[in-house]
Amino acid sequence: MNMQPMDNATGKIKNLAHRLQELRDATLATQQQLMERWHPHLHHRHYLPSAANLAAYIGLRRHDLRELQAALAAVGLSSLGRCEGHVMATLDAVSYALAMMNGAQSLPCPVHETGHAMQHDRQLLRHNTDLLFGKSQGKRSTRIMVTLPSEAADDHPVVREMLMLGMDCARINCAHDTPASWEKMVANIRQAEHETGRPCRIMFDLSGPKLRTGEIAPGPEVLHARIKRDDLGDRLYPTRIILDGTGSPGQPATTDKLGKASPARLSVPAKWLHKLKPGDKIRFHDMRKRKREFVVEQCLSDTEVQVSCEDGAYIAPGTVLERITEKEQRHKLATGKTASGDFLAPPMRIHLRKNGALLLARDPSPGRAERRDKAGRILSPARISCSEPEVFAFLEAGHAVWIDDGRIGCVIERVDAEGAWLRVTQVRPEGEHVGARKGLNFPDSHLLLPALSEKDLRDLDFAVQHADIIGLSFVQSADDLDRLAEALKQRNASALGIIAKIETRQAVKNLPEIIVRGAGHGPFGVMIARGDLAVEIGYERMAEIQEEMLWLCEAAHIPVTWATQVLESLVKLGLPSRAEISDAAMSGRAECVMLNKGPYILHALSVLDDIVTRMQAHLDKKTSQYRALHW
């Protein structure tokens, strides 16, 4: 009777050993199949061991291991949960431990081989990271990439400060600015390297076939002076307008992406403008025949005068303006009439509500709002064009369409000669306005678009003269990496590193092939482009897919760049959210973290450097580091 517990334990160990052997055999078979398929594409033979480990990891993860993991942990063995970088060595080590627990006597001990494999996989990942990004500086091994703003072309001190605060790689986005600006940015970086003694890699990020909404037709040529009111309808403060005497047309008030507001501008003759003095009043009747009045506040320059308006007004070109000096005000006189000049009309506002219709048109003409008759019946639906007309060949009824980073959700009801007819399925209760040049995502559509556009090839001609790394946007398949490698070869630039931006469902599905094909050509990395990717796969799956991508890349010994909205509120507004701090802390598991541009980028750089440096004492990939706690 006393032997029964021992017999049960022995049987359990034998069963575990048998199951692990079956798992090892299946993993090895998958590894061999994949390596046969991948071998012709491994032009750099040094990548063979990493490709073999990736193949083994894929073989291992084709099985649900959760119950086996729990059973292994229950007998004090590795649960295989940290084997990404050295799959077969881990399986062999656990198999040996089970055999010894089962009474084996003469098996060779694999401890030395396992330790060597674990150390070697870390060395391979570090080596591949150094090839792409250069050797790390200081205590922080995770690199920081920064998207350069347009100002970096002319503001050398800011670029130098970025290097001093920890920028390891500068990203030049080819979707913005011009080659002349890029050349100035490069010159500032190289000068800053010399001055600071800190090396900095430069990545030229090719824009790829960016799917965006087209231009929108202008609205009416009317300046609307809006008044800010409180919840009771009382006026909070007057609106301010710039009277412009340069001859340029007037334009509405604007707010840029950073939240910086610029007042509306009204064009007036310069000769009339020069007579204005602070305290003067300017009377006029707006388009609704209402009496309105400007008060001159200050003369900003010879061509600009700031005025305020206590009441809302609609001002069209040709509105008669009467100047009244302070002296004339006392005598109730008015002199100095003129008329307002041309006005640069803002784009028409295309307002979408749930279940409303929207035509995504093949015709590239500017988009327009819907038109209704006096009875409210729709005469023509809202319409907007697509920047890449080739997409219509891949769209089908029932496919989802997301606009403006997922703010507007639609479903395709039919596709015909005019385009794709969409029904709006997701907007805020009050609806949304769709704008020009906003992102389009087609997560259900298999878009066979070339990753390298004609513009990309022209940009590549310039980039290869200055870049260390080329970023490839809109990667769909491994063939895209071959096309870029061939384009680089034609430009005698095969030694440049490549980062594949993963931002579509298709890219996630093809990630192993993308990795092998890319790394098979030379220095290579992957960027998790979390903005577009979240829209493509759904926000609820973003965390899961991000983890899986990190594991696959670790198995392939390939560096990962953690990108999009890292410390976004801090960069743009100067104050981070709590969730952003947690996200930044976890980003240290990647080999590189990317910050976007914004007015507080220098502060964000300093904060990110501090967070990542501290967290690397606690976390290495998925492994907790037990540094001594201090309370």
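**Walking through the fold**

Tutor: Start with Trp182: its relative accessibility is 1%, so Trp182 counts as buried. Keep in mind that this is a predicted model.

Student: What does Trp182 pair with?

Tutor: Phe204. The two form an edge-to-face aromatic pair, 6.0 Å centre to centre with 80° between the planes. Planes over 60 degrees apart count as edge-to-face, which is why the pair gets that label.

Student: Which residues make up the aromatic cluster?

Tutor: Trp182, Phe204 and Phe462 form one cluster. The count of aromatic pairs comes to 4.

Student: You mentioned E3. Which strands make the closed barrel?

Tutor: The barrel has 8 strands, in the order E1-E2-E3-E27-E28-E29-E30-E31. The pairing is parallel. From one strand to the next, the twist averages 25°.

Student: How many bridges join E1 to E2?

Tutor: 3 bridges. Strand E1 (residues 143–147) and strand E2 (residues 169–173) run parallel. Thr147 has Arg171 in E2 as its bridge partner.

Student: How does E26 pair with E22, parallel or antiparallel?

Tutor: Antiparallel, over 2 bridges, with E22 covering residues 400–403.

Student: On to helices. How do H6 and H18 cross?

Tutor: At roughly 10°. The axes of helix H6 (residues 156–165) and helix H18 (residues 601–615) come within 9 Å. Angles under 35 degrees count as roughly parallel, and H6 and H18 are therefore roughly parallel to each other.

Student: Which residues make that contact?

Tutor: From H6, they are Val158, Glu161, Met162 and Leu165. From H18, they are Ile601, Leu602, Leu605, Ser606 and Asp609. By class, the contact of H6 with H18 has 6 nonpolar, 1 polar and 2 charged residues.

Student: One more residue: where is Gln546?

Tutor: In helix H15 (residues 539–555). Gln546 has a relative accessible area of 8%; buried means under 20%, so Gln546 is buried.

Student: What does Gln546 touch?

Tutor: Ile528, Arg530 and Trp562, not counting residues up to four places away in sequence.

Student: Now zoom out. How many helices and strands are there in the protein?

Tutor: 18 helices and 33 strands. The protein has 631 residues, and 48% of them count as buried.

Student: What box do the C-alpha atoms fill?

Tutor: Roughly 115 × 60 × 60 Å, taken along the principal axes.

Student: And what share of the contacts joins residues at least 24 apart?

Tutor: 71%, among contacts between residues at least 6 apart in sequence.

Key: Residues are numbered from 1 along each chain as its sequence is written. This is a predicted model: local features need pLDDT of at least 70, side-chain atom pairs count only at pLDDT 80 or more; totals for chains, interfaces and linings use all residues. Side-chain values use heavy atoms; hydrogens and water are left out. Rings of Phe, Tyr and Trp (its six-membered ring) pair if their centres lie within 6.5 Å; planes under 30 degrees apart count as stacked, over 60 as edge-to-face and the rest as tilted. Buried means under 20% relative accessible area, exposed over 50%, partly exposed in between (1.4 Å probe, protein chains only). Two strands pair if DSSP finds at least two bridges between them. Helices (H or I, at least four residues) and strands (E, at least two) are DSSP runs, numbered from the N terminus. Axes are lines fitted to C-alpha atoms, for helices over the stretch in contact, and angles run from 0 to 180 degrees between N-to-C directions. Angles under 35 degrees count as roughly parallel, over 145 as roughly antiparallel, 65 to 115 as roughly perpendicular and the rest as oblique. Contact means heavy atoms within 4.5 Å. Ala, Val, Leu, Ile, Met, Phe, Trp, Tyr, Cys and Pro count as nonpolar, Asp, Glu, Lys and Arg as charged, and the others, Gly among them, as polar.
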